[in-house]
Amino acid sequence: MTGSPWFDATDLPRSPGGMIQADAHCKVTGYDKVYVAGDAGSFPGPDWMPKQAHMADLQAKAAVKNLLAEFKGQPPRAIPKSELICLIDSFNSGMLVARTEKYNIMLPDISLLHWAKRGFEQWYIRQYLK
Ligand SMILES: Cc1cc2nc3c(=O)[nH]c(=O)nc-3n(C[C@H](O)[C@H](O)[C@H](O)COP(=O)(O)OP(=O)(O)OC[C@H]3O[C@@H](n4cnc5c(N)ncnc54)[C@H](O)[C@@H]3O)c2cc1C
């Protein structure tokens, strides 16, 4: 994976892999009130930190909180927690892999987890279908 081609047309700082370099607060290094979240960014953290929608959500929340704090003249304080949560769905069964700084879990491949993922998808997407 590397960054989008349009990054090359900017002065944004880049990681060795071509992503937009951010600090632990998701703030773009060396820029004022500029934040990055999700796959486009490169963030300090453990080497297993995933490029996942869940991680993008956590980074986006921290970035918004920090940007609003800066607009109020306060320093950015929010740091997204590093969390890998993956329900690997093979259509009739599923396997859960979860990792944080505190724990590391891998559940066996069972049909219940396939249905759990289907349920989660419906619940998660509802907010965007309103
Ligand atoms: C096959 C696959 C399966 C995955 N499965 C999972 C999973 O089960 N669970 C999970 O958590 N994560 C999963 N991921 C990872 C997840 O999709 C990404 O981590 C997540 O979408 C990142 O969100 P984002 O908003 O940073 O980027 P994106 O979702 O990629 O959004 C970026 C958006 O910017 C738009 N864009 C790009 N360039 C421009 C431009 N120049 N102008 C305007 N718009 C632009 C793109 O069209 C896109 O809509 C999967 C990824 C892939 C590829």
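Colleague: How many residues apart are Tyr-124 and Tyr-128 in helix α2, and what does that make in helical turns?

Modeller: In this predicted model, where local features need pLDDT of at least 70, side-chain atom pairs count only at pLDDT 80 or more, and totals for chains, interfaces and linings use all residues, helices are DSSP runs of H or I with at least four residues, numbered from the N terminus. Residues are numbered from 1 along each chain as its sequence is written, and side-chain values use heavy atoms, with hydrogens and water left out. Tyr-124 and Tyr-128 are 4 residues apart in helix α2, so their separation is about one helical turn.

Colleague: Is Tyr-128 buried or exposed?

Modeller: Buried means under 20% relative accessible area, exposed over 50%, and partly exposed in between, with a 1.4 Å probe and protein chains only. Because the relative accessibility of Tyr-128 is 54%, this residue counts as exposed.

Colleague: Which class does Tyr-124 fall into?

Modeller: The relative accessible area of Tyr-124 is 24%.

Colleague: Why is the pair of Phe-120 and Trp-123 called tilted?

Modeller: Rings of Phe, Tyr and Trp (its six-membered ring) pair if their centres lie within 6.5 Å, and planes under 30 degrees apart count as stacked, over 60 as edge-to-face and the rest as tilted. The structure holds 4 aromatic pairs. For Phe-120 and Trp-123 the centres are 5.6 Å apart and the planes stand at 40°, so the pair is tilted.

Note on methods:
Helix = DSSP H or I, 4+ residues; strand = E, 2+ residues; numbered from the N terminus.
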